[in-house]
Amino acid sequence: MDRSELLHFGWDAEWAAKFDALDLSGVPGRISRVERGESDVRTERGPVRAMSDSQRSQSTHAPVTGDWVAVSETEEVWTIDAILDRRTELVRRDPGEREEQQPLSANIDVVFLVHGFDRPFRAGKLERFLVLAWNAGATPVVVLTKADLSEGVDDQNELVGIVGAVAPGVEVVVTSIETRAGLDRVHEILQPHRSGTLLGESGAGKSSLVNALLETEMQETQPVRSGDAKGRHTTITRDMLVIPTGGVLIDTPGIRAVGLWDAEDALQRVFTDITETALECRFNDCAHGAEPKCAVAAAVESGEIDPRRLDRYREMAAELAEIEERLLERERANKGGKPNRGSRGNKRRGR
Ligand SMILES: Nc1nc2c(ncn2[C@@H]2O[C@H](COP(=O)(O)OP(=O)(O)OP(=O)(O)O)[C@@H](O)[C@H]2O)c(=O)[nH]1
Ligand SMILES: [Mg+2]
């Protein structure tokens, strides 16, 4: 079977080896949308709609957009027989259930964190999104959209500087669908055959960016509310789009708040300014509160570390510690049972 069509969706030798090792009769495909137990799958035979067979196969997780799967057809009904082990996985805490994780998308290389010039910037939100992206095993890139609505280059540079301080070392791309600024750079990041996903609040311009890259109005978009520039939650599914010049991009519904899940390492990475300073603290377990000889408190005092950033770090660290504690309690309660910590073993970190 000719699998060259799959290259456009991110297929490579490693996926081929994983798929062939399953020794199944079906064909490989990549999930482009999940809707009420059914999934759209891009295969070498074109797009198919498949049922998830997770109950019969006792699969521990449901497919998400970006998953590579094995699908087969019986009497014109397509079924997902297996999900290939994920390389990366974007996960947040389930907003409904406090102690479950919710995978958002799988097998992504780049997470584009999208923010528009038409609304106030919130550092705490970007920090959370950065934790999510690093924790997925993907590379974050900040995209500042709607540059044409900014007050000019100085205004743009000012925000780029603020973002740079919150996200040191992370690339920032300034875009506009009106002037097409920055679009070439986004194309470049996705080539060749890389997988990206968009993350940002409703109205940030995620679907508009996808359409601009595709040069066709594939995704529905809607004007934001006049006055406060709030979005209207236009996109309601996670859709994987194939970019003609190379790569795929997953458009997502706008999210306002994200709960963290099992992301201690990623948290340390986002706040390296604090965690590196903390190495100088007198106590190893210094909480940077009222402890004596706290190097972080000294750095705040001298203006090196923004006290609000320290507060946000401590809040997120406490949030993660609380989840960890609850999971350990749960583990103790059903002794011998496995704690539900997600598929961290599948993750290939640091890509
Ligand atoms: N002027 C200008 N408007 C833009 C730009 N990008 C997006 N917009 C507008 O912003 C509004 C919201 O854009 P969407 O693409 O629907 O936003 P979204 O992030 O997909 O929103 P949800 O699907 O609700 O999460 C639309 O009216 C777009 O035309 C831009 O670069 N310049
Ligand atoms: Mg949208």
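These are my notes on what I looked up in this predicted model.

**Ground rules.** I kept to residues numbered from 1 along each chain as its sequence is written, with chains lettered from A and ligands numbered from 1 in the order in which they are written. Local features need pLDDT of at least 70, side-chain atom pairs count only at pLDDT 80 or more, totals for chains, interfaces and linings use all residues, and side-chain values use heavy atoms, with hydrogens and water left out.

Ser207 lies in helix α5 (residues 206-214) and Thr235 in the loop between α5 and β12 (239-242), so the pair ties together parts that are 28 residues apart in sequence. Helices (H or I, at least four residues) and strands (E, at least two) are DSSP runs, numbered from the N terminus.

**Helix α4.** Next I checked α4 (residues 183-190), where Leu183, Val186, His187, Ile189 and Leu190 are buried. They cover an arc of only 160 degrees around the axis, which puts them on the same side of α4; the arc is that of the directions from the helix axis to the C-beta atoms. These buried residues pack against β8 (110-116), β9 (139-145), β10 (171-174), β11 (195-200), α5 and β13 (248-251).

**Cores.** I then looked for nonpolar cores (buried Ala, Val, Leu, Ile, Met, Phe, Trp, Tyr and Cys residues joined through side-chain atoms within 4.5 Å). The largest has 58 residues, and those with the most contacts inside it are Leu90, Val111, Leu126, Val131 and Leu199. Helix α2 (residues 123-136) gives the largest share of this core, 9 residues. Apart from it lies another core, of 20 residues, including Leu183 and Ile189.

**Rings.** Last, I counted 4 aromatic pairs (Phe, Tyr and Trp rings, the six-membered one for Trp, with centres within 6.5 Å; planes under 30 degrees apart are stacked, over 60 edge-to-face, the rest tilted). Phe271 and Tyr313 make a tilted pair, 5.2 Å centre to centre with 55 degrees between the planes. Both Phe271 and Tyr313 are buried. I also noted that ring pairs link Trp11, Trp15, Phe19 and Trp68 into a cluster.

Note on methods: Buried means under 20% relative accessible area, exposed over 50%, partly exposed in between (1.4 Å probe, protein chains only). Contact means heavy atoms within 4.5 Å.
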